[in-house]
Amino acid sequence: MRTTAIVLATTTILCALPATAQDDPVGWIDRDRIRAAYFYANPPADTHVQQLVDVGMNAMILKADIEKAMPFLREARLHPGMHCFLALNFNVNAEQEGLRRAVLADGRVERYACPLEERFWQEHLLPGMLERARLAADPELQVDGLWIDFELYSTTTGQRYYTNACYCDHCMVQFAAHRGIEVPNLEYAQRAPWLAEHGYADEYQPFLGERVEELARQVREQVHALDPDLLLGFYPTPHNWSLEAVARAFSTERLPIVLWATDTYGGGGPDRVPDDWRAHYEQMGVNARYCAGMLLRVYSAKNLAANIY
């Protein structure tokens with residue numbers, strides 16, 4: 001039987017599932033559950049933080065640059081039991097940044113980066129994470145973790161995730177070397193069909209996932225070298241090979257990843273929360289805490305309480 005916590009937010013409503021306490025970084029989650037508001041850190045910070053405290057919130061996800069988030073981090077520090085997650089986007093415009101671009105299974109070239117582009121992970125994602133992780137050492141600021149938005153907003157095709165990627169030259173060459181095969185010179189749109197025709201389709205994305213997991217692990221290790229207690233998490237629910245790979249890389253036996261899940265976004269409330277979420281992610285190799293989100297534009301005031309409880 002599921003148990004959900006009361007959660008209220010300005011733009012999103014989040015529900016947390018109970019878990020067994022492991023250590024201090026997640027002790028407050030296991031004890032109190034996450035009751036978080038996700039918002040854009042518009043001033044005044046003191047008024048908004050007090051509003052969250054008054055309605056029983058214990059966490060904030062701040063989708064803002066560091067300068068704009070800073071007043072909220074300071075104000076949260078004045079309220080015992082209030083926790084803060086700093087949000088940042090995974091996506092960059094690879095075309096604009098001169099990075100290798102992703103190629104979809106149908107041959108279309110995207111504007112976002114190839115998932116195996118090492119420069120993206122090390123030169124774009126990592127610096128933003130490190131910049132925010134350093135703030136956790138400031139005793140006047142409340143920083144508990146990072147919240148990464150994995151939607152690929154620079155898409156030109158409407159494909160906002162790597163579900164049907166990547167078939168660029170680099171990825172194909174890497175796979176061919178891994179399998180010890182020779183791949184003919186193919187147009188982009190011919191590559192996925194060729195892999196399927198020759199019996200490699202089921203191996204291809206799992207191989208890419210291993211590489212993404214290693215790239216993400218390198219990022220996580222550098223972030224945790226600064227702050228070993230910093231919680232990492234992302235949106236949405238891991239639903240494809242690349243997100244599953246990152247979830248494995250961002251979690252450790254000691255420190256779980258916080259999955260800011262989207263199973264409940266479209267309605268249905270707690271009935272959409274998987275009963276077996278813990279076993280499901282353990283089988284995937286992920287140590288997790290699961291926190292379901294609720295969009296206020298989907299859950300009206302009339303049925304909101306029923307879906308929270």
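**Aromatic rings, core and strands of the predicted model**

Ring pairs join Phe 90, Tyr 112, Phe 120, Trp 121, Phe 150, Tyr 162 and Phe 234 into a cluster, where rings of Phe, Tyr and Trp (its six-membered ring) are taken to pair if their centres lie within 6.5 Å. Residues are numbered from 1 along each chain as its sequence is written, and side-chain values use heavy atoms, with hydrogens and water left out.

In total, the structure holds 20 aromatic pairs. Phe 85 and Trp 260 form one that is edge-to-face, with 5.2 Å from centre to centre and 75° between the planes; planes over 60 degrees apart count as edge-to-face, those under 30 as stacked and the rest as tilted. This pair links distant parts of the chain, since Phe 85 belongs to strand β4 and Trp 260 to strand β9, 175 residues apart. Helices (H or I, at least four residues) and strands (E, at least two) are DSSP runs, numbered from the N terminus. Both Phe 85 and Trp 260 are buried, a term that means under 20% relative accessible area, whereas exposed means over 50% and partly exposed lies in between (1.4 Å probe, protein chains only). A stacked pair is formed by Trp 194 and Tyr 200, with 6.1 Å from centre to centre and 25° between the planes. Trp 194 is buried because its relative accessible area is 12%, and Tyr 200 is likewise buried, at 15%.

The largest nonpolar core has 109 residues, of which Met 60, Trp 121, Met 129 and Trp 260 touch the most other members; such a core is a set of buried Ala, Val, Leu, Ile, Met, Phe, Trp, Tyr and Cys residues joined through side-chain atoms within 4.5 Å. Helix α8 (residues 201–226) supplies the largest share of this core, 8 residues. When neighbours within four places in sequence are left aside, Met 129 is in contact (heavy atoms within 4.5 Å) with Leu 88, Leu 146, Ile 148, Val 219, Val 223, Leu 232 and Phe 250.

Strand β7 (residues 145–149) is largely enclosed by the rest of the structure, because 5 of its 5 residues are buried. Gly 145, Trp 147 and Asp 149 point one way from β7, and Leu 146 and Ile 148 the other way. β7 runs parallel to β4, to which 5 bridges join it, and two strands are said to pair if DSSP finds at least two bridges between them. Trp 147 in β7 is the bridge partner of Ala 87. β7 also pairs with β8 in the parallel sense, over 5 bridges, and here Asp 149 stands opposite Tyr 235 in β8.

In helix α1 (residues 24–32), the buried residues are Pro 25, Val 26, Gly 27, Trp 28, Ile 29 and Asp 30, and these pack against β3 (59–62), β4 (83–89), β8 (231–235), β9 and β10 (288–295). The helix is followed by Arg 33, whose phi is positive, near 70°.

Ser 251 lies in the loop between α9 (241–250) and β9 (257–261), and counts as buried because its relative accessibility is 7%. Its side chain reaches the backbone oxygen of Ala 247 at 3.3 Å.

Conventions. This is a predicted model: local features need pLDDT of at least 70, side-chain atom pairs count only at pLDDT 80 or more; totals for chains, interfaces and linings use all residues. A polar contact is a pair of N or O atoms within 3.5 Å; within protein, one must be able to donate a hydrogen and the other to accept it, and residues adjacent in sequence count only if both atoms are side-chain atoms.
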